[in-house]
Amino acid sequence: MDNYNGIKSEDSLKWSVLDIRRRVRRTVFTKGINAYLVLVLIVFIFSFIGIIRTNAYSEINEIDMKIGRGAVNKEDIINILEYVRNTRLLQAMPKFVREEIVISIIWSTLTSYSWLLNLFSKNDAYMSRNIGEVFALLMLFVVIYKGVGSFLKKTLSVGVARALMENRCQKNVQIRRIFAPFGNKKFLHIVGVMSIYLIVSFLWWLTLIGGVIKYYQYYFVPYLLAEKPDLGWKEARNLSKEMTKGYKMKMFLTELSYIYLVIVSIIPFGDLFIGLPVYYTAITDMYFTLRQRTDIDRSKFIEDEFDKAAYTDRIKAGEKAEDITPVYKLPNFQIRNSDFDEADKYAITDFIAMFFIFCFVGWAWEVGLHIVKDHAFHNRGFMYGPWLPIYGAGGVFIIALLNRFKNNKPKLFISTMVLCGILEYTTSFVLEFFQNMSYWDYHKMKINLNGRVCLAGLIAFAIGGFLGIYILGPLIKNLMLKFGRKKSIIICTVLVILFIIDAVVCVTVGPNTGEGVGKEYSMLIQNNLSVF
């Protein structure tokens, strides 16, 4: 009799590392190419934004730190370190602790956030007068940035858990199920619970041994919230402790059995295509194994589908794939007045609002990117206002023309890449033809077309298109509904007038050609030839 189908007591619960590894292998590699690629995509998305750590993510982080060290003014860092060394707190510390631990951490932090330090250093007189204030503000920013980022990442890990749980129970999981736990206004609740989880875990790690014990006791808190999002911290913590009681060493040995994944992660893309899918599927299978226990409070387990065997085991037992159609109690996350499979209806004011919001977001992205890279503020647009029309036009075209394909994700993805490629190539050609300037250049990127478009950029645009069609578009529509028709018309009219004024200035006076904006075409040719 399968362990997952019957009711068993704690004593009869059999923990088999071999069985877990067998189910994990089948879940990851035997359900078909579509199921495998979706799992890889889930891993890629969440490793990219730092929710789960990968070998590639570590390498990217290291590169960023090296770039920071190379760009920062070394004298500024030395001045700050000398100030810190002379504080009473550090003077009271042993020299080894002061130099090898505290100063090393501060050095690493300052070099990692060199762009922020360089903003302060633009005013040398201020830096000289207020070196302590600069240091305090830098540390405050880092703490807030890291803290907020950690809380949000830990919160979104609940979505990862949900997708992994459903991936175990069916052939093809929908990526949208990542957001299922956050529906019905549960997001802030989960943020609160996971924030407590993060803080409590951190405090226990300060005791070292206690941190290891609590690590395994609280192991399944994200999974419990993924199944029942309205659980409070104490409920989730206590149930996780009950589930793991007597099995912490077995969990540790099961994790240890995947030690070979460390070697796999060294192989290019090995972490993405093998290591992480296998490791996180293994954690998921451990959750389902201990979820069987009958000596715990089972009222918190609300999904009947999770009481059944793994999809691959059910297929092996003789069930037909078409008969395995799980129905979950947790509904899809859905934005009000929108649906994931039906085209949205937009008013002209919605499209105007989208245009300017996307224009501004694109402008802020470009400006922010060059603040980090060049440590200087540049208006990156060829217009004078805070907008980049290509982002606005691209976003509006994608939503207006491709919104109809919401129920066909592959077609939508490819169509978005094609549309954005045509738009970006055409815009680059027009700007170059009339201004003899290149505002972007992809010649050094792999798989590019005349330096005007590249594959990596088109994939990024396609992902952005998904975000616009499924989330941003509906949210902007709801925002305009809140304003009301009259206010929406007034806002859109004002923005259009300002944009027209900017366009007239560009035509009569000339477009923005300030520092950091575009390159003379002759200079661009010279730079590209120098590559060869």
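**Exercise 1. Determine whether L41 is buried, partly exposed or exposed, and identify the surface patch to which it belongs.**

Solution. L41 has a relative accessibility of 35% and therefore counts as partly exposed; buried means under 20% relative accessible area, exposed over 50%, and partly exposed in between (1.4 Å probe, protein chains only). The model is a predicted one, in which local features need pLDDT of at least 70 and side-chain atom pairs count only at pLDDT 80 or more, whereas totals for chains, interfaces and linings use all residues. Residues are numbered from 1 along each chain as its sequence is written, and side-chain values use heavy atoms, with hydrogens and water left out.

Next, locate the residue: L41 lies in helix α2. Helices are DSSP runs (H or I, at least four residues), numbered from the N terminus.

Two or more residues of the patch come from each of α2 (33-48) and α21 (455-483).

**Exercise 2. Describe the packing of α11 and α13.**

Solution. Two packed helices are described by the angle between their axes and the distance between the axes. For α11 and α13 (residues 233-244), the angle is about 95° and the axes are 8 Å apart. Axes are lines fitted to C-alpha atoms over the stretch in contact, and angles run from 0 to 180 degrees between N-to-C directions. The two helices α11 and α13 are therefore roughly perpendicular, a term that covers 65 to 115 degrees.

The contacts (heavy atoms within 4.5 Å) bring K214, Y216 and Q217 of α11 against S240, K241 and T244 of α13.

**Exercise 3. Characterise the positive phi of L208 and of N337.**

Solution. L208, although not a glycine, has a positive phi of about 65°. L208 sits in the loop between α10 (187-205) and α11 (209-217) and, at 60% relative accessibility, counts as exposed.

N337, also a residue other than glycine, has a positive phi near 65°. N337 is placed in the loop between α17 (311-316) and α18 (348-374); at 41% relative accessibility, N337 counts as partly exposed.

Terms used:
Parallel < 35°, antiparallel > 145°, perpendicular 65-115°, else oblique.
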